[in-house]
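Please read the following report on helix packing and salt bridges alongside the structure.

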Amino acid sequence: LDYLVGDRASAKALYLCASVSDRCRKTVASIGRCIVGWCSGREVRAFIGEVVRELATDGEVKWESLVCALSTTSSALGVIKRKKYLHYLSSCDLHTLVCASAADALAEGGDGEGEGGRAAPASLCCEAATTVLEDFGVACDDLASIGPSADKDEAARRLSLHCLCLLGSMYVTVGQEHLEGTWNAWTALAIRSLGTLGVKHLG
């Protein structure tokens, strides 16, 4: 694990294996959990986050691999004990990139077969964007748990703006009848998360 965490190329190769078969995906997910247990959540978020970025910007996204890597960074956020919201905010551009890639794939008709004829890309695209929004909820809950301060107000403002960026990056799905339920679920998740900070509506 020490070698793997110290070599981004090897880590990316590991997550690419998740697209080979369902069994490989389960094995890679298990290794990801070991990485989270072996290293600090902060280190995993920084290191595997860069792997996620590379996977999301590949010419042909391997969604099994991307979702698996996102699951690792999400687990890492969960084990961070202090100021989760700051760790989340430090990766705003990455969150927006993932959501935009997922929404674009869905808008282009991502409802066929996945690599090797397995899971449908649509479900994986939705899973990727939903993971980002669930982590957003973790960040909001964490911020809501601390006492009033100017720093808290500023962080709440940044989270609200970031929420608009995330939903804006996925707006391409609006107006497509088969994605209406997906869009509604995303907005409901975002609004519920912001509600913990006292934000009643977006816009």
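Is R8 buried, partly exposed or exposed? R8 is partly exposed, with a relative accessible area of 37%, where buried means under 20%, exposed over 50% and partly exposed in between (1.4 Å probe, protein chains only).

This is a predicted model, in which local features need pLDDT of at least 70 and side-chain atom pairs count only at pLDDT 80 or more, while totals for chains, interfaces and linings use all residues. Residues are numbered from 1 along each chain as its sequence is written, and side-chain values use heavy atoms, with hydrogens and water left out.

The structure holds eight salt bridges, each a side-chain nitrogen of Lys or Arg within 4 Å of a carboxyl oxygen of Asp or Glu; the table gives some of them.

| Pair | Closest N to O |
|---|---|
| D135 and R45 | 3.9 Å |

Helices are DSSP runs (H or I, at least four residues), numbered from the N terminus.

Helix α8 (residues 121-144) and helix α9 (residues 150-169) pack at an angle of about 165°, with their axes 11 Å apart; the axes are lines fitted to C-alpha atoms over the stretch in contact, and angles run from 0 to 180 degrees between N-to-C directions. α8 and α9 are therefore roughly antiparallel to each other, a term for angles over 145 degrees.

Conventions: Helix = DSSP H or I, 4+ residues; strand = E, 2+ residues; numbered from the N terminus. Parallel < 35°, antiparallel > 145°, perpendicular 65-115°, else oblique.
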